[in-house]
Amino acid sequence: MLPRGIQNVDLSNIPVARAAYDGAMSAEPINPPPRLLMGPGPINADPRVLRAMSAQLVGQYDPAMTAYMNETMELYRGVFRTQNEATLLVDGTSRAGIEAALISLLEPGDVVLVPIFGRFGHLLREIAERAQADVRVIEREWGTVFTPSEIEAAIIEHKPKLLAVVHGDTSTTVAQPLDELGELCRKHGVLLYTDATASLGGNTFETDQWGIDVVTAGLQKCLGGPSGSAPITLSAAAVDVVNSRKSVEAGIRAEGDAVSAHPVRSNYFDLGQILDYWGPRRLNHHTEATSMLYGARECARLLVEEGLPNAVERHRLHGAAMVEGLRALGFEIFGDQSVRMNNVVGVYIPDGIDGDAGRATMLEDFGIEIGTSFGPLHGKVWRVGVMGYNTRRDAVLTTLAALENVLSRGGVTVTSGAGVGAAVDFYG
Ligand SMILES: Cc1ncc(COP(=O)(O)O)c(C=O)c1O
């Protein structure tokens, strides 16, 4: 329906307007096909998160909204397992959280050490380079992780201000153990940042106990929400670094407010200003993405209600059932299994099966999405995720049944029912 005032205008003689009008009229309401998202993320959002996101908006400074913001901060302290006051959301997908952290912590010329063991280590490097930091990297083969002594040797060699490391690198399914890195960093006077987008909520993660200064995440994996909000937590030491460059923008600046000669090189991702917006001062910055905040709050509420150790155990159980089933189908599992994340498993694509065609059959015939791989693993490895809302027995068994069919149709010899049977036995 056109707006009232122009309903009676004849658009048929105005070709551009006519085309736009026809296009608009042929767009159906959003009604996505039913899918079971069993890739490395995004996964199906928890319906409770979707319901929270459909709640009506309130004003930016409505007491209800500021109360939701404070509750969200407290809930995410529970998810990150931290006492950090500075625990909040950056509006944007996970990489918005990464950009905010790196561009706010690093000044041009600062040395940052990035251990790279997969695609997302490369992303940290890329973002740090754009922040004009002096980026030093160490690299390991995809599917493996670094020992603490390898990282310490690089810290001694490069003397960085910041160690920026991915926790679970989704591209390789493995997670860099972090429990010793906080102490190492403290010993050498280095700040520690980690990207926990893929791991948080589904794997043990202890911000304070492990001594991590800054952690960022996203909703679309073990947190069971859509992408679009990046939870972040900063230690007091990290907040000091950010605030040392504080620059309050003109127009809202009050007398005595800081104006830095070397401000953060992004306004949107300036954590100093974002902290003032979330803090008691409520200094205006962006307009908080209210519906995303509702969703992020619900993701955290569900995890805290369940208890983080229980959520980790849920991911371990269903992830392990999937691995049992995949092995029984004859798949060889990719990567160092001693450090694999609970929530995603990589399998070598069997000889004779075209990786993309197999995934297309999964999607078209079964409505199930599994993941391809990047870089050196593309065409060789599929990634299967079991996370968030999809950590369920039915989701695991259905995926295994469909995979068996794809393999046998592709000419691979499989024992009928082997994958589902092994997983059912595993569940007991
Ligand atoms: C470990 C990791 N970091 C960062 C990202 C980037 O997240 P986003 O696409 O939400 O910006 C992803 C996305 O899959 C990820 O797995």
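Domain bounds in this text come from an automatic or database domain assignment. The structure is a predicted model, in which local features need pLDDT of at least 70, side-chain atom pairs count only at pLDDT 80 or more, and totals for chains, interfaces and linings use all residues. Residues are numbered from 1 along each chain as its sequence is written.

The assignment divides the chain into domain 1 (47–304) and domain 2 (308–427). Their C-alpha centres are 31 Å apart. Domain 1 gives 26 residues to the contact between the two and domain 2 gives 24 residues, where two residues are in contact if their C-beta atoms, placed from the backbone, lie within 7 Å. On the side of domain 1 that touches domain 2 there are 10 nonpolar, 13 polar and 3 charged residues. In this classification Ala, Val, Leu, Ile, Met, Phe, Trp, Tyr, Cys and Pro are nonpolar, Asp, Glu, Lys and Arg are charged, and the others, Gly among them, are polar.

Next comes the chain as a whole. The chain contains 14 helices and 13 strands; helices (H or I, at least four residues) and strands (E, at least two) are DSSP runs, numbered from the N terminus. The C-alpha trace spans about 75 × 75 × 40 Å along its principal axes. Among contacts between residues at least 6 apart in sequence, 72% join residues at least 24 apart. Of the 428 residues, 49% count as buried. A residue is buried if 20 or more other C-beta atoms lie within 10 Å of its own, exposed if 12 or fewer, and partly exposed in between, with C-beta atoms placed from the backbone.

Some details of the backbone sit in loops. The peptide bond from G41 to P42 is cis, with omega near 10 degrees, and P42 belongs to the loop between β1 (36–37) and α2 (47–53). R81, a residue other than glycine, has a positive phi near 55 degrees. R81 lies in the loop between α3 (63–80) and β2 (86–91) and counts as partly exposed because it has 17 C-beta neighbours inside 10 Å. Q132, also a residue other than glycine, has a positive phi near 65 degrees. The loop that holds Q132 runs between α5 (119–130) and β4 (134–139), and Q132 is partly exposed because 14 other C-beta atoms lie within 10 Å.

The ligand is surrounded by 13 residues, the closest being T93, S94, R95, T170 and T197. A residue is near a molecule if its C-beta atom, placed from the backbone, lies within 6 Å of it. The shell around the ligand has 3 nonpolar, 7 polar and 3 charged residues.
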